[in-house]
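Trainee: I am new to this structure. Please show me how to read its features, one at a time.

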Amino acid sequence: MGNSSRMLSKAQLWLSVLLLHFMEPYVCATGKLNVLFIIADDLRPALGCYSDPVVKSPNIDQLASKSTVFYNAYAQQAVCGPSRTSFLTSRRPDTTKLYDFNSYWRVSAGNYTTLPQHFKSNGYTTLSVGKVFHPGIASNHTDDYPYSWSVPPYHPPSFNYEKRKVCKNKDGTLHSNLLCPVNVSEMPLGTLPDLENAAEAVRLLKLMKDTESPFFLAVGFYKPHIPFRIPQEYLKLYPIENMTLAPDPDVPRKLPDVAYNPWTDIREREDVQALNLSFPYGPIPKDFQLRIRQHYFASVSYMDAQVGKVLQALDDLGLSQDTVVVFTSDHGWSLGEHGEWAKYSNFDVATRVPLIVYEPGVTSPLPRPGEKTFPYVNVFENTQEQFGEGYAMHTMVELVDIFPTLATVAQLPMLHHCPIPSFKVRLCTEGYSLARMLGRQERTVNHQACAYSQYPRPSDTIQQNSDLPNLADIRIMGYSLRSNDYRYTVWVSFDPIHFQANLTDIHAGELYILSEDPGQDNNVFDEFTHDLALLKLGIQPQWTETLKQHLMYFSATSKTKWTL
């Protein structure tokens with residue numbers, strides 16, 4: 001071998017060593033990336049990283065600065081059980097057959113493989129802390145153990161007191177209130193559920209640090225779900241004199257009755273009952289509205305602090321360089337917009353959620369030795385700290401996209417798109433993998449992308465059970481499409497025995513032009529002569545495609561320059 005050949009060979013060797021050095025984290029992590037899946041409860045994108053001007057959420061903001069942030073992510077139904085079952089199986093509610101809390105999909109719909117089950121089947125240790133699946137019948141009273149989890153899920157003991165009379169009024173008497181700031185030391189067991197959740201998550205991370213098995217750890221925080229039982233000091237972050245009402249606190253004049261949710265769950269709380277509110281519209285007195293908003297924002301900051309503890313532990317244990325982190329919520333929550341409170345609707349405030357995905361080495365450079373990725377930020381000491389925005393994505397995405405995305409990132413067997421019908425198909429997805437969008441700048445928004453949600457109602461008129469009808473009482477389904485330019489909802493008849501909607505029997509509709517009406521307050525659906533025209537379009541095998549056709553009709557017949 002000549003000198004030049006030996007020199008080339010030596011150079012190639014050093015190049016190989018150099019490449020191996022830089023690729024080592026990826027080589028070691030191939031197919032073995034850990035997953036930390038954090039789920040908040042009832043959290044709309046009221047976060048600093050989503051440009052909320054009021055909320056203080058420094059730990060989630062820090063996560064977002066090193067992640068891809070999806071600014072237009074939507075839940076498939078704005079209520080806990082159906083939404084969680086939907087995104088944990090990657091199937092829409094019509095496929096899980098769950099619209100309330102009263103059935104288990106493996107029995108009532110199909111024996112679908114779940115997100116954690118898919119990881120468990122591929123060699124992962126799967127662990128659950130707090131509220132991941134909805135408890136009760138909806139997850140077989142076991143949080144779907146042992147199908148989805150390697151060990152029984154953890155539930156904090158203090159949650160047993162969440163709805164008890166532990167909220168102290170000014171006179172010292174205890175009540176079951178909506179607004180419930182507390183002295184934690186005075187609480188039963190001397191703690192709160194999300195404090196316990198954070199501690200258990202940290203404990204499990206320490207246990208998993210030196211194991212050979214990769215882990216999938218899901219942590220479900222209970223806040224900002226009502227009641228707002230939180231440490232009282234978080235209220236200091238939001239002085240009541242700084243609080244404002246929702247920008248559109250009145251019920252829209254053209255809102256169909258079937259679309260309104262009368263927020264019956266908060267009416268059941270003792271402090272709300274004392275207001276003696278009229279049904280169904282109220283309204284809630286303005287001073288109490290301000291206090292609700294104050295307590296919701298404080299609950300978000302409290303939850304953010306618990307997220308920060310878990311992320312700091314991930315960092316301190318050296319796990320942040322080979323762990324994918326996903327942060328999201330099951331759905332949003334109305335804070336007085338449209339005269340509504342809670343969830344139970346198809347409006348953006350109820351269906352839009354945060355979705356933040358951190359992939360080490362992709363959405364953020366791998367940390368240098370000794371460098372921290374997620375140092376804990378104390379909201380009481382670092383209120384002015386600013387973070388970058390990470391990679392921003394404005395294309396419409398859905399929670400059913402999480403399952404295929406994580407499977408792709410972890411290099412697990414690929415999920416195929418579900419056929420129609422798919423009740424007998426155990427593993428498939430009704431979403432799409434977002435993996436290719438991670439760590440990339442969005443040059444153009446995909447205006448063809450849409451997100452879909454739905455909500456059931458028992459009647460055209462507002463009833464006591466309008467918010468959460470049992471399956472047997474559902475008579476109308478509101479199918480909703482959200483594009484970059486529109487929010488379109490059609491309320492049609494529904495047969496709960498055969499799980500069949502009749503899209504030719506339209507009871508009411510909503511159409512909002514977002515360029516002119518971002519708050520979705522001016523319904524222009526009835527400005528079109530549409531009944532016969534919509535019927536002529538026909539019904540597609542999937543309601544999602546039918547709604548797309550409807551929207552194309554509205555666009556084509558409008559004199560306004562709307563674009564899909």
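Mentor: Start with a rule: a disulfide is a pair of cysteine sulfur atoms within 2.5 Å. In general, a disulfide is a covalent bond between the sulfur atoms of two cysteines. Two housekeeping points come next. This is a predicted model, where local features need pLDDT of at least 70 and side-chain atom pairs count only at pLDDT 80 or more, while totals for chains, interfaces and linings use all residues. Residues are numbered from 1 along each chain as its sequence is written, and side-chain values use heavy atoms, with hydrogens and water left out.

Trainee: By this rule, how many disulfides does the count come to?

Mentor: Two disulfides. Counting bonded cysteines along the chain, their pattern is 1-2, 3-4.

Trainee: Which handedness has the link of cysteine 418 and cysteine 428?

Mentor: The link of cysteine 418 and cysteine 428 is right-handed, with 95° about the S-S bond. Both cysteine 418 and cysteine 428 lie in the loop between α12 (402–409) and β15 (451–457), so the pair ties together parts 10 residues apart in sequence. From S to S, the distance between cysteine 418 and cysteine 428 is 2.0 Å. Helices here are DSSP runs of H or I with at least four residues, strands are runs of E with at least two, and both are numbered from the N terminus.

Trainee: What is the torsion about the S-S bond of cysteine 167 and cysteine 180?

Mentor: About -100°, so the disulfide of cysteine 167 and cysteine 180 is left-handed. This pair links distant parts of the chain, 13 residues apart: cysteine 167 is in strand β4 (residues 167–168) and cysteine 180 in strand β6 (residues 179–182). The sulfur atoms of cysteine 167 and cysteine 180 are 2.2 Å apart. Cysteine 167 and cysteine 180 are buried.

Trainee: Next, helices. How do I read a pair?

Mentor: Two packed helices are described by the angle between their axes and the distance between the axes. Axes are lines fitted to C-alpha atoms, for helices over the stretch in contact, and angles run from 0 to 180 degrees between N-to-C directions. Take helix α2 (residues 58–65) and helix α10 (residues 286–316): their axes come within 7 Å and cross at roughly 50°. Helices α2 and α10 are therefore oblique to each other. The scale is this: under 35 degrees is roughly parallel, over 145 roughly antiparallel, 65 to 115 roughly perpendicular, and the rest oblique.

Trainee: Which residues in α2 meet α10?

Mentor: Pro58, Asn59, Ile60 and Leu63 in α2. In α10 they meet Met303, Asp304, Ala305, Val307, Gly308 and Leu311. Contact means heavy atoms within 4.5 Å.

Trainee: Where is glutamate 200 found?

Mentor: In helix α7 (residues 193–208). Glutamate 200 has 11% relative accessibility and counts as buried. Setting aside residues up to four places away in sequence, glutamate 200 touches Val129 and Tyr154.

Trainee: How many aromatic pairs does the structure hold?

Mentor: The structure holds 28 aromatic pairs. Rings of Phe, Tyr and Trp (its six-membered ring) pair if their centres lie within 6.5 Å; planes under 30 degrees apart are stacked, over 60 edge-to-face, and the rest tilted. The rings of phenylalanine 37 and phenylalanine 216 have centres 6.3 Å apart and planes at 70°, so this pair is edge-to-face. Phenylalanine 37 sits in strand β1 (residues 34–40) and phenylalanine 216 in strand β7 (residues 215–220), 179 residues apart. Both phenylalanine 37 and phenylalanine 216 are buried.

Trainee: Which residues do ring pairs link into a cluster?

Mentor: Phe37, Phe87, Phe119, Tyr124 and Phe216.

Note on methods: Buried means under 20% relative accessible area, exposed over 50%, partly exposed in between (1.4 Å probe, protein chains only).
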